[in-house]
Amino acid sequence: MENQTKHKSGFISIVGRPNVGKSTFLNRVIGQKIAIMSDKPQTTRNKIQGVLTTNDSQLIFIDTPGIHKPKHKLGDFMIKMATNTFREVDLILFMVNVDEGLGRGDEFIMDLLKDVKTPVFLVLNKIDTIHPDKLLPMIDQYRTRQTFQEVVPISALEGNNVETLLEQILENLPEGPQYYPADQITDHPERFIISELIREKALHLTREEIPHSIAVSIEKISKEEGKELINVMATIIVERDSQKGIVIGKRGAMLKEIGQRAREDIENLLGSKVYLELWVKVQKDWRNKASNLRDFGFKEDDY
Ligand SMILES: Nc1nc2c(ncn2[C@@H]2O[C@H](COP(=O)(O)OP(=O)(O)OP(=O)(O)O)[C@@H](O)[C@H]2O)c(=O)[nH]1
């Protein structure tokens, strides 16, 4: 008999407060390191699409940044980006951390979701961290505040119930075309991923010594004719001289280490040898300057 299955596709936005496990989920589903994972909050500051293609479906995931109450302009940008995204997608996954339970961050997001018509799934992540008895009362807490299309407990880290979640997502998506070629994992410009890889290494290697407010600007990506080598020139932007010292390290040792580790990841990403030239620049209070936000690629038009 002829297979009558119609092709389904849609855009899915993942929203949740910092550290709930959005990147871990995306990486598990897409199977490649496309979103940056970190123990520290606020590492994902732009939208990244992960595309999952099967024979009869295509799921396009949008990883919204960790939403928090706006304290400065970067926060405003992120919230505007997130709410615009909510209206445009087919489905929203509201991811929460059962290890922490309902907190003010979740309430804030639910307030943002209140007036959005798009269906919302409540995804309770990190179920490996709590006793199952605690789950139902927690679900009730969320449910009294909002109606959800589906409620799905998962462990993004261990993979429990992730398949079920994918099936339920598919059930709720409309018939639609394959928007992207099957081998496309992310349509985000490589520039952004490269800057996030460098940023991740800088945050990780300096431990708690530099704040998350550092940014990485990619100045140039070039390839000389007939050569295998790709040249990447990037600047790490910090807010204070003392932070510059930390990032550079003794006789440049820290910067060298950041560069080496980032280069390996960039080579994996681009599938080519890379020469990475890294600079460090102090720019005071860059977060509060909208013009700078634009310089670093946070263009409002993009949202
Ligand atoms: N135990 C457990 N830990 C998890 C699970 N999912 C994610 N984590 C951990 O939680 C931390 C944060 O995960 P991320 O995936 O970076 O969180 P995120 O929501 O993308 O964070 P932002 O990018 O800051 O918004 C990491 O240390 C993950 O290993 C889970 O299902 N169980």
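Q: At what angle do the axes of H6 and H8 cross?
A: This is a predicted model, in which local features need pLDDT of at least 70, side-chain atom pairs count only at pLDDT 80 or more, and totals for chains, interfaces and linings use all residues. Residues are numbered from 1 along each chain as its sequence is written. The axes of helix H6 (residues 190-205) and H8 cross at roughly 145° and come within 9 Å.

Q: Which residues of H6 meet H8?
A: Glu190, Ile193, Ile194, Leu197, Ile198, Lys201, Ala202 and Leu205 do. Among their counterparts in H8 are Met254, Ile258, Arg261 and Leu269. Contact here requires that the C-beta atoms of two residues, placed from the backbone, lie within 7 Å.

Q: What classes of residue make up that contact?
A: There are 12 nonpolar, no polar and 5 charged residues. Ala, Val, Leu, Ile, Met, Phe, Trp, Tyr, Cys and Pro count as nonpolar, Asp, Glu, Lys and Arg as charged, and the others, Gly among them, as polar.

Q: Now the sheet: in what order do the strands come?
A: The order is E7-E8-E9, in an open sheet of 3 strands with mixed pairing. Two strands pair if DSSP finds at least two bridges between them.

Q: Why is one side of E7 and of E9 left without a neighbour in the sheet?
A: Strand E7 (215-223) and strand E9 (274-282) are at the edges and each has a single partner strand, so one side of each has no neighbour in the sheet. E7 runs antiparallel to strand E8 (residues 230-238), and 8 bridges join them. In one of these, Ala215 has Ile237 in E8 as its bridge partner.

Q: What pLDDT does the chain average?
A: The protein chain averages 80, and 76% of the residues score at least 70. pLDDT is the predictor's confidence in each residue, from 0 to 100. Over residues 294-303 the pLDDT is below 50.

Conventions: Helix = DSSP H or I, 4+ residues; strand = E, 2+ residues; numbered from the N terminus. Axes fitted to C-alpha atoms, helices over the stretch in contact; angles between N-to-C directions.
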